Amino acid sequence: MNGNSNCGSGTGETVVEIRNLWTVFKSPEGEQVVHRDLDLSIYRGEVLSLVGGSGTGKTVLLRQILGLEHPAKGQVKVLGHPPGRMTATSAAEVGMLFQHGALFSAFSVLDNIAFPLRELKLLPEDLIRDAALVKLQMVGLEPRQATKSPADLSGGMIKRVALARALIMDPPLLLLDEPTAGLDPEAADDFCDLLRSLHRELGLTVVMVTHDLDTLFDLSTRIAVLADQRVIVAGTARDVIAYPHPFIHEYFLGGRGQRAMEALHEGAPSALVAGRPGAGAVPSTER
Ligand SMILES: Nc1ncnc2c1ncn2[C@@H]1O[C@H](COP(=O)(O)OP(=O)(O)O)[C@@H](O)[C@H]1O
Ligand SMILES: [Mg+2]
């Protein structure tokens, strides 16, 4: 099994193609190889979740897809653009929800959402405002929130505003770095519901880093596991859990993982196990 298998709601059209990727950081102490010969394909329409231990290079992989990091070797091809050729305009095709929301504290909610559009200087101000208001509504916030400052928002609302900003250019590809981290369980569930409906309504391709097993099983159509500096396995939950690796054993088959798998078994509306023989069955390794 490798990063090329396709399933879930993907159509088979490749949106991101990563081949033999090496990411290397140089420091006075020497070189740190974060990714070594990493391969991964991401298909249109899927919600691909990236899991892996802390510091394994999940965020750096999202930054490679965004074009913010550059391969030491190998290729990252995004939406058909030649590798290394993501320009300011093509960057508008990829929306990113950063891990900590990263709103500008001195800007209002509306100005935060409008920021990428203003930077492009292509549209008149009234159209920019309207576009930002549409996105505000899309993420479930009311127009009266538009003038608020980030300091006056709850954690869940900050995530929503950051999501509205990530979607302002109508990107076909959305990257989410720990979208539910720091939210209480109720806010996390609400945010998952929002992400699920936006994925469906906008026909987005989503790449999501998450540590949260509920979010993982709730939203993913495919899971890719990052360990040993590469994607060791990508596929359905069943594919992934069947792969023998100490990280997978600990992550999915420990107490937290067992509970999440039971929820999946009880009929969580995930495409993770759909369409497979014995869909929903808990693998014997779990018992
Ligand atoms: N800009 C950078 N310069 C040097 N090292 C970095 C940089 N960004 C990330 N790293 C290192 O790369 C490794 C992977 O980081 P990251 O992708 O943030 O991990 P995570 O999987 O927890 O998201 C870490 O050891 C981190 O310290
Ligand atoms: Mg990270």
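Strand β3 (residues 47-52) runs parallel to β8, and five bridges join the two. Strands here are DSSP runs of E with at least two residues, helices are runs of H or I with at least four, and both are numbered from the N terminus. Two strands pair if DSSP finds at least two bridges between them.

First, some housekeeping. This is a predicted model, in which local features need pLDDT of at least 70 and side-chain atom pairs count only at pLDDT 80 or more, while totals for chains, interfaces and linings use all residues. Residues are numbered from 1 along each chain as its sequence is written, and chains are lettered from A and ligands numbered from 1 in the order in which they are written.

The protein chain has 10 helices and nine strands. Of its 287 residues, 41% count as buried. Buried means that 20 or more other C-beta atoms lie within 10 Å of the residue's own, exposed means 12 or fewer, and partly exposed is in between, with C-beta atoms placed from the backbone. Two residues are in contact if their C-beta atoms, placed in that way, lie within 7 Å. Among contacts between residues at least 6 apart in sequence, 71% join residues at least 24 apart.

Back to the strands. On the β8 side, S49 has I223 as its bridge partner. β8 (222-227) is mostly covered, with five of its six residues buried. β8 is also joined to β9 by five bridges, and that pair runs antiparallel. Within it, A224 stands opposite A234 of β9. The hairpin of β8 and β9 has two residues between the strands, and D228 there takes a positive phi near 55°. Q229 lies in the loop between β8 and β9 (230-235), and its phi is near 70°, again positive in a residue other than glycine. Q229 counts as partly exposed because it has 17 C-beta neighbours inside 10 Å.

What else does β3 join? Four bridges link β3 to β7, and the two run parallel. L50 stands opposite V209 in β7. Strand β7 also runs parallel to β6, with five bridges between them; there, L174 has V206 as its bridge partner in β7.

How many residues of β7 are buried? Five of the five are, so β7 is largely enclosed by the rest of the structure. In a regular strand the side chains alternate between the two faces of the sheet. In β7, T205, V207 and V209 are on one side and V206 and M208 on the other, and both faces are covered.

T210 is buried because 23 other C-beta atoms lie within 10 Å. Its C-alpha atom is 6.6 Å from that of L50, although T210 and L50 are 160 residues apart along the chain. Leaving aside neighbours within four places in sequence, T210 is in contact with residues including S49, V51, E178 and L216.

Compare a residue from another loop. D170 sits between α5 and β6 (173-177). Is D170 buried or exposed? D170 is exposed, with 12 other C-beta atoms within 10 Å. D170 also has a positive phi of about 55° although it is not a glycine.

Now a helix, α4. At 1.5 Å a residue, the 14 residues of α4 (residues 125-138) should span 20 Å, and its end C-alpha atoms are 20 Å apart, which agrees. The expected span is 1.5 Å times one less than the number of residues. In α4, I128, A132, K135 and L136 are buried. Seen down the axis, these buried residues fall within an arc of 105°, so they line one face of α4. That arc is taken from the directions from the helix axis to the C-beta atoms. What covers them includes α3 (109-120) and α5 (155-166). The face turned away from the buried side carries the exposed residues D126 and L127. Just after α4, G140 takes a positive phi of about 85°.

Last, ligand 1. Among the residues around it are F25, V34, G52, K58 and T59; a residue is near a molecule if its C-beta atom, placed from the backbone, lies within 6 Å of it. Helix α1 (residues 58-66) gives the most to this shell, with three residues. By class, the shell has three nonpolar, six polar and one charged residues. Ala, Val, Leu, Ile, Met, Phe, Trp, Tyr, Cys and Pro count as nonpolar, Asp, Glu, Lys and Arg as charged, and the others, Gly among them, as polar.
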